[in-house]
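Me: I'd like to go through this model with you, starting with charged contacts and then moving on to other features. Here it is.

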Amino acid sequence: MIKIYTAIKAKLINIGIIKYRRATQLTVLSLLSISVMSALVVSHSVMATEGGGVGIYPDGLDNYLSGALPPPGVHVLLYGGNIHYNQLRGNNGSRLPVPGFKVNVNVLAPRLVLVTDQQIMGGQLAYHTIVPLLSVTAEAGGKRSDSKGIGDITFGPALGYHPAPDLGYVIGLDISAPTGSYNRHDPSSPGKNHWAFQPVWAISYFPAYGYNTDLKVMYDFNLKNKKTNTTSGRAFHIDYALGWGFGNGLVAGVGGYAFQQVTNDSGPNSAQGKASAFGLGPSVRYANDKGLLVALKWQKDLIVTNRPAGSQLFLKVALPF
């Protein structure tokens, strides 16, 4: 196996992987990804929220390079996207008869990543924080509500490992703070009004030419929403990606997510059952030797129970400076 990796490494150097690897690493600690759409899960009965709705993390946000830690230094990235839901699904996956149900979220989320030179347990120590700016519109039963503002800020530490030039993995902890405004009677509220902790682990295999594969695993621990006296259930979920590298910084393929709520909600505003979902869609990323990186992904929710269903578009950009 060592001989195989040595041969692959030599070949990649010859075709220029080392030259543009710096740019691809600027993707971030995607592993530490955050809740740029936390506004979607609000305390409103129509949306089966507090646990049966969407979790603290925007499922499918990460795809390629989710386990690749950037080089030491300060990195600024920008996330953008649109999340659209037009259905509510019940216990057996059937569509619930909610007239005119629609949720639309536009997000712009700057992210600051600090990668240090410090080593802990053989891994490179890093920190990050992200501040989501949200524009949310929610409609149901002939009623509409709109909100704009800062959502729940997420921050946390991570350790990055690089066992090979084209292989990396990261372990970390995301902490979501209730900084967004919240009104239990407003389904467009930008915040969720509770703390959440999310251990994360991600691994990426990203040769310049050939198959690129990524897997990111997360587990959610939600604290109580004191305004509803309700605690969302714990959840296990993954992001995944499979693509083909063309040797010029371009990778194209598919990506998606799987979500499964593990424990029931507790409290008066609990959902009727555990939420689950599976999504899939096309994904592409491009990086050059100047430090530019652009990753674009669209996905559709295909199998959904006890939560909203629709589609999402995510854009991630790293600009050289």
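Me: Which residues are linked in a network of salt bridges?
Reply: D62, K216 and K316 are linked in such a network, where a salt bridge is a side-chain nitrogen of Lys or Arg within 4 Å of a carboxyl oxygen of Asp or Glu. Please keep in mind that this is a predicted model, in which local features need pLDDT of at least 70, side-chain atom pairs count only at pLDDT 80 or more, and totals for chains, interfaces and linings use all residues. Residues are numbered from 1 along each chain as its sequence is written, and side-chain values use heavy atoms, with hydrogens and water left out.

Me: And how many salt bridges does that rule give?
Reply: The count comes to 5 salt bridges.

Me: What about D62 and K216, where do they sit in the chain?
Reply: Their side chains meet in a salt bridge with an N to O distance of 2.8 Å. The pair links distant parts of the chain, since D62 is in the loop between α2 and β1 and K216 is in strand β9 (residues 209-222), 154 residues apart. Helices (H or I, at least four residues) and strands (E, at least two) are DSSP runs, numbered from the N terminus.

Me: Is D62 buried or exposed?
Reply: D62 is buried, with a relative accessible area of 1%, and K216 is buried as well, at 0%. Buried means under 20% relative accessible area, exposed over 50%, and partly exposed in between, with a 1.4 Å probe and protein chains only.

Me: Which residue does D59 pair with?
Reply: D59 forms a salt bridge with R307, and their closest N and O atoms are 3.1 Å apart. D59 lies in the loop between α2 (17-25) and β1 (73-88) and R307 in the loop between β13 (293-305) and β14 (308-318), so the pair ties together parts that are 248 residues apart in sequence. Both D59 and R307 are buried.

Me: And R144, is that one buried or exposed?
Reply: R144 counts as exposed, at 55% relative accessibility, and it forms a salt bridge with D146, with the closest N and O atoms 3.0 Å apart. D146 counts as partly exposed, at 45%.

Me: Switching to cavities, how many of 30 Å³ or more are there?
Reply: The structure holds 6 of them. On a 1 Å grid over the protein atoms alone, a cavity is a set of points where a 1.4 Å probe fits but cannot get out, and lining residues have an atom within 4 Å of a point.

Me: What lines the second largest cavity?
Reply: The lining is made by L61, N63, Y79, A295, L296, K297, F314, L315 and K316, and the elements that give two or more residues to it are β13 and β14. About 60 Å³ of space lies in this cavity, the volume being the space filled by probe spheres set on grid points that are joined across faces, edges and corners.

Me: Now the backbone, what is phi at M121?
Reply: M121 has a positive phi of about 55° although it is not a glycine. Most residues other than glycine have a negative phi. M121 is in the loop between β2 (102-120) and β3 (123-130), and it is exposed, with a relative accessible area of 69%.

Me: And where is N193 found?
Reply: N193 is found in the loop between β7 (167-176) and β8 (196-205), and its phi is near 65°, a positive value in a residue other than glycine.

How values were computed:
On a 1 Å grid over the protein atoms alone, a cavity is a set of points where a 1.4 Å probe fits but cannot get out, and a pocket is an open set with protein on both sides within 12 Å along at least five of seven lines; lining residues have an atom within 4 Å of a point.
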